[in-house]
Amino acid sequence: MSQTIKAFRFHKVGGPEVLQLERVTLDAPGEGEAQIRHTAIGVNYIDTYHRSGLYPLPLPSGIGIEGAGVVTALGANAGHSLAVGDRVAYAGGPLAAYSEARNIPARQLHKIPEGVNDHHVAAGFLRALTVEYLFNRSFPLKGGETVLFHAAAGGVGLIACQWAKAIGVNLIGTAGSDDKCALAIAHGAAHCINYRTQNFVEEVKKINGGQGVPVVYDSVGKDTFPASLDCISPLGYFVSFGNASGPIDAFNLGMLGPKGSIYATRQTLMTYIADRTRYEQMAANVFALMKAGKLDLAPRQTYSLENAAQAHLDLEARKTTGGMILLP
């Protein structure tokens, strides 16, 4: 049975003003789909890339790739593990999270364990999955390493600080103010460098006994490149997974040799969660840390669904820290 819901769409790319809250028809779930009523919706920096056209999409388009909610209907062959009434979460496309309800491939959904809060999952599931692949798969950490993590007070960064502490990793973070550095340290960073008042390359070497680190995790992009390469020890890794300050242009591959035969990689979560078995393992690792009390994903900013444009303005102005959610 069809119903009418509120959902954000955009018909042209641009600033937050292109987001339009519309009344749209939601049909019954199709083959392999589940229908969910959102209880909370995650806001992520990648949403601004979709809206601005940095990551091109066919238009018009919905927006948002993360949410939590309750299963309200199941299409044919939607799997035997889901039932109407289940609390579920997802991270990844298709885009349509900024809505009261939606249909989504059932394979995208994970049951939320008892004792885990919907709002917490929506605020940080995608980000926690990102940290999971960065720390367990991109450059697997065993504990005892010293690493550099840019934007340590951001949504992914605060989760990385907690995760690093939980596994015994010495995380050096960077942030844009002393207050944000204090926040990163409170969440588990061993050190935090204010990149606006300090040279982070010099500070990393000072903290690490004159040595570089084996890996730099970077979601900032233009503003931290190529200086990040000077923080890496020989045969170390530069792991890029975002471009909050703008994309890295004209990457000269030849510079990696003289700087210590450094490896460089550009990672995306979608590649990792495309395999359902791996996706389930990653989700299980996230939920295990949450249930153990080692990973607090509580949102630090909450907006009504209608105020999604303001959420984007605040996010791009770097006025936010940690996770953000919309409440339908």
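**Notebook: strands, pockets, cores**

I began with strand 10, which is largely enclosed by the rest of the structure because 5 of its 6 residues are buried. Buried here means under 20% relative accessible area, with exposed over 50% and partly exposed in between (1.4 Å probe, protein chains only). I took helices (H or I, at least four residues) and strands (E, at least two) as DSSP runs, numbered from the N terminus.

A note on what I am reading: this is a predicted model, in which local features need pLDDT of at least 70 and side-chain atom pairs count only at pLDDT 80 or more, while totals for chains, interfaces and linings use all residues. Residues are numbered from 1 along each chain as its sequence is written, and side-chain values use heavy atoms, with hydrogens and water left out.

**Strand pairing**

I looked up the partner of strand 10 and found strand 9 (residues 146-149), which runs parallel to strand 10 and is joined to it by 4 bridges. Two strands pair if DSSP finds at least two bridges between them. Thr146 stands opposite Asn170 in strand 10.

Next I followed an open sheet of 3 strands, in the order 2-1-4 with antiparallel pairing. Strand 2 and strand 4 (61-62) are at its edges with a single partner strand each, so one side of each has no neighbour in the sheet. I counted 7 bridges in the antiparallel pairing of strand 1 with strand 2, and saw that Arg9 has Gln20 in strand 2 as its bridge partner.

**Pockets**

I searched for pockets on a 1 Å grid over the protein atoms alone: a pocket is an open set of points where a 1.4 Å probe fits, with protein on both sides within 12 Å along at least five of seven lines, and lining residues have an atom within 4 Å of a point. Grid points are joined across faces, edges and corners, and a volume is the space filled by probe spheres set on the points.

The largest pocket has a volume of about 940 Å³. Its lining has 42 residues, with Tyr45, Ala151, Val156, Ser219 and Ala244 nearest the centre. Which helix gives the largest share of this lining? Helix 2 does, with 4 residues. Strand 10 turns up again here, as one of the elements that supply at least two lining residues.

The second largest pocket has a volume of about 230 Å³. Of its 16 lining residues, Ile5, Ala7, Val24, Leu26 and Ala96 are the closest to the centre. Strand 1 gives the most to this lining, with 4 residues.

**Cores and helix 2**

I define a nonpolar core as a set of buried Ala, Val, Leu, Ile, Met, Phe, Trp, Tyr and Cys residues joined through side-chain atoms within 4.5 Å. The largest has 56 residues, and Phe125, Phe135, Phe149, Leu171, Tyr217 and Leu295 have the most contacts inside it. Helix 2 gives the most to this core, with 11 residues. A second, separate core has 26 residues, including Ile36, Ala97, Ile104 and Leu315.

I then checked Glu132, in helix 2 (residues 118-138). Is Glu132 buried or exposed? Its relative accessibility is 0%, so Glu132 counts as buried. Beyond its neighbours within four places in sequence, Glu132 is in contact (heavy atoms within 4.5 Å) with Arg137, Trp163, Met282, Asn285 and Val286. Leu295, with residues up to four places away in sequence not counted, touches Trp163 and Val286 among others.
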